[in-house]
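Please open the model in your viewer and keep the selection tool at hand, as this tour moves from one selection to the next.

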Amino acid sequence: MLTQVQAPTNLATPLLEARGLVKQFGDLRANDNVNIAIYPGEVHAILGENGAGKSTLMKMLYGFYQPTAGQIFLNGQPMIINSPQDGRRLGIGMVFQNFTLIPALTVIENVALFLPDLRAVFSQKEIEQRIKEASAKYDLRVDPRATVGELSMGEQQKVEILKIILAGAKVLIFDEPTSVLAPHEVGGLFQVFNKLRADGYAILFITHKMPEVMAVADRITVLRRGRVVETMPVAGATETELVTMLLGSAPPEAARITQFKDTTGQTPLLIFDRITVPDEQTKIGLKEVSFQVFPGEIVGVAGVSGNGQQTLIEAALGLRPHTAGTIHLMGENVANWPVEKKLQAGLGCIPEDPLLMGAIPGMRVYENMILGEQHQYADQGGLSMNWKRVRDKATQFLNSTFISSAPRLEVMVETLSGGNLQRVIIAREVGRQPKLLIAYYVARGLDISNAEAARRLLLKHREQGMGILLISEDLDELFALSDRLLVMHHGHIVGTFRPQETTAHDVGILMTGGTITHA
Amino acid sequence: MLNGNSLAQIGKQQFSGLLRYMAMLALALLVFALVLLIFGKNPAQAYADIFSSTIGSAYGLSEVLVKVIPLVLCALAVLLPARIGLVNVGGEGQLYMGALLATWGALAVGDSLPAVIGIPLMIILGFVGGGLWAAIPAFLRAKGWLNETISTLLLNYVAVLWVNFFVFGPFKDPESANFPQSVLFADSVRLPFIGSSRVHFGLVLGLIALVVLYFVLKKTRWGYEMRAIGGNPEAARRHGLPITRYILVTMFIAGGLAGLAGMGEVMAIQGRLRPGFSPGYGYMGFLISWLALHNPLGVVVMSFLIAIIALGGDTLQITQGMPFSSVNVLMSLILFIVLGKFFNNMSFGWPKWEAK
């Protein structure tokens, strides 16, 4: 009698269903009459541009927000989910972009803290056993005794998943789960999705990366301006169809360079001449790196993350000393220049991690807009801040750099979504119109239209004479935007090309340490 | 159950702010009342005594002010470095070193200077003494060699020993038999009192410091840069903000403020240097700044509260026969209850700090 047979009704009854959900914030209707159903054993992708209402919907489904109207059903029963704790008790677990683990504790302790049936005195052994079983079953391999703070982002994500599974979640909600992963880790996550799906879990995941949807999702729901545009199976749909539905119009044509720059006779804005930077920890650093960036050209840097790109930026800014070689900026040897002086000379930087390196989270958008240029907004001998001028400038930066509606000036930066934060950083760094811009991961967190807008912005400024060092892992982006392309591997520059002289395939081989045998 | 969450949220908003904070204080007082009961004392009487001996009378109030002066200065010495993310636990040592350098100056000049020069000189020496003492951990921190939290704390003990060395040695009054103290300072270097009370010129210094700091933090580029460094040092570094300079300067000024507190104690209240002249003002200042969430206005309110409690300790000693240290129990109760709550809701009652 205990044989586990899936009752036929279960196939028809969604694990989690929302009918007519509305969420109103003041004047803004973030969700409008949203209907969605998630069945056991499916991976359901929620697609939508920044601000389409994806996060609001998720937050209602696991109890963080209460819907203004509408009803949520769990296994066909109407439910009111008053809080995330409630949601957890009912079997709805959420994996956030920013993890909620305690870094100082071990994996076992983090998982234990979350268990609903945790006794006051508990056996670490028993929990370790449970972790190991789940790890093996779903391909979530981590050392249960490791301290979470020492794990990579990918491993921490695994711990998050283990934590909510062991706490009894049946519906797993993922908020842009691949945004924290290195490209090679993404496949592993999808493997986990597949195993969970096979075991009857329902997976809801937010994304705006189309290839991911095609790779792993069974069905998708497209949100636009708070409404469901359509829910449909992925099988049979093409990527272009999906993008069109997502945007509400045909996808923008990818921005690309049409005419390459002739830089002969010009003075380079940036010269790296055989720069070597040691790195004790990773042993990668930079090794005899030489290149030049001329005005009005985009130099692309291709490479797998962690092959010296970060070091390259830090060396250019002067945050890390080099042991050999010289760096010239705007024609001058900048060996002993402090960062401030380099920025004043016309260097700008979009860092790889906007929250950690580019912004002050506890400040508002407009306050962040002048970081590094605060002298210009201080009256009375450079002392008294003129916040009105700051606001005006911030508005101008935001309006002149992006097409869609900008984040509001008064918002605390720490509350911005990844996409909006990136837009603030881009608006600031490009708006200042530096002579030389170093941009890492320019499209990080941006949805399709904004990513395209950001690329067009770079091209526009290139036309106007800005020199841009564009570091990226997205080869399509690099091939479309670069006048010249450098390939980095293990701290070396292993190739320099005109994009039309090479192929993505060859660059990919060089990036991963191979050599091109033909040619 | 159905609307439990929204009701709770409304309740939270209603109960927030000052009211919530007062309730926490009341809770601390209630628990302390239990402690008094256990010792067989009458809590109502004890609180009445504390009230009448502090804010209940003109004299009491003036004595509260006497304590508020060093407390505000020492709290500001914590507040300022906290703005850039530094933890200055060294207020006590900086206070002692301010007093020591001022004493050196006072003994050196004797009564050779008129008060218009003598007093400002004492103020400068007090400031520089505390400032230089704080500059030691600041330098070590700026170099990335040593965390300032531990070094400022440990230097407190060193400062006290230096003062002892001088009081028992070179600065000792030869006529005081074996009593370790300096000679009485000349009137021309002593800070004037206000009226017939023991409230001294340090109050003016404290007020000036408060107003200047408030203005600097709120209105100026320096305030903005400090918030940026405190908010995210990595982003600040990448945008060329002079972090090293800020560490050195804020710590120097912070130490200077604590030094002023020490100078005020010896140049006004004591009239001479004695060992152990501070009942832990530096540490209380640390407590105050953290309780006030490093808000300058909050510092004023909390300084009064702590001054009343400290003074109440004397009262309890006299009227209830309780040891002075019994008020430490009350202070720690407040710390427990307030800090326990404030991590849930970062702004309890104080208007949220922001530069505009």
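In this predicted model, begin by selecting helix α4 (residues 107-114) of chain A together with helix α5 (residues 124-138) of chain A, whose axes come within 10 Å and cross at roughly 95 degrees. Since crossing angles of 65 to 115 degrees count as roughly perpendicular, α4(A) and α5(A) are therefore roughly perpendicular to each other. To see what makes the contact, show the side chains of Val107(A), Ile108(A), Val111(A) and Ala112(A) on α4(A), and those of Gln124(A), Ile127(A), Glu128(A) and Ile131(A) on α5(A). Sorted by class, the residues of this contact between α4(A) and α5(A) comprise six nonpolar, one polar and one charged.

Next, colour chain A by its domain assignment, which gives domain 1 as 8-247, domain 2 as 267-346 + 434-514, and domain 3 as 364-432. Select domain 1 and domain 3 of chain A, and you will find their C-alpha centres 34 Å apart, while four residues of domain 1 are in contact with four residues of domain 3. On the domain 1 side of that contact in chain A, there are four polar residues, with no nonpolar and no charged ones.

Finally, turn to the contact between the chains, which takes 30 residues from chain A and 20 residues from chain B. On the side of chain B that touches chain A, select α1 (4-14), α9 (221-231) and α10 (233-238) of chain B, the elements that each give two or more residues. Of these, α9(B) gives the most, with six residues. The residues on this side of chain B divide into eight charged, eight polar and four nonpolar.

Definitions and conventions
Residues numbered from 1 in each chain as written. Chains lettered and ligands numbered in written order. Predicted model: local features only at pLDDT ≥ 70, side-chain atom pairs only at ≥ 80, totals over all residues. Contact = placed C-beta atoms within 7 Å. Helix = DSSP H or I, 4+ residues; strand = E, 2+ residues; numbered from the N terminus. Nonpolar A, V, L, I, M, F, W, Y, C, P; charged D, E, K, R; others polar. Axes fitted to C-alpha atoms, helices over the stretch in contact; angles between N-to-C directions. Parallel < 35°, antiparallel > 145°, perpendicular 65-115°, else oblique. Domains from an automatic or database assignment.
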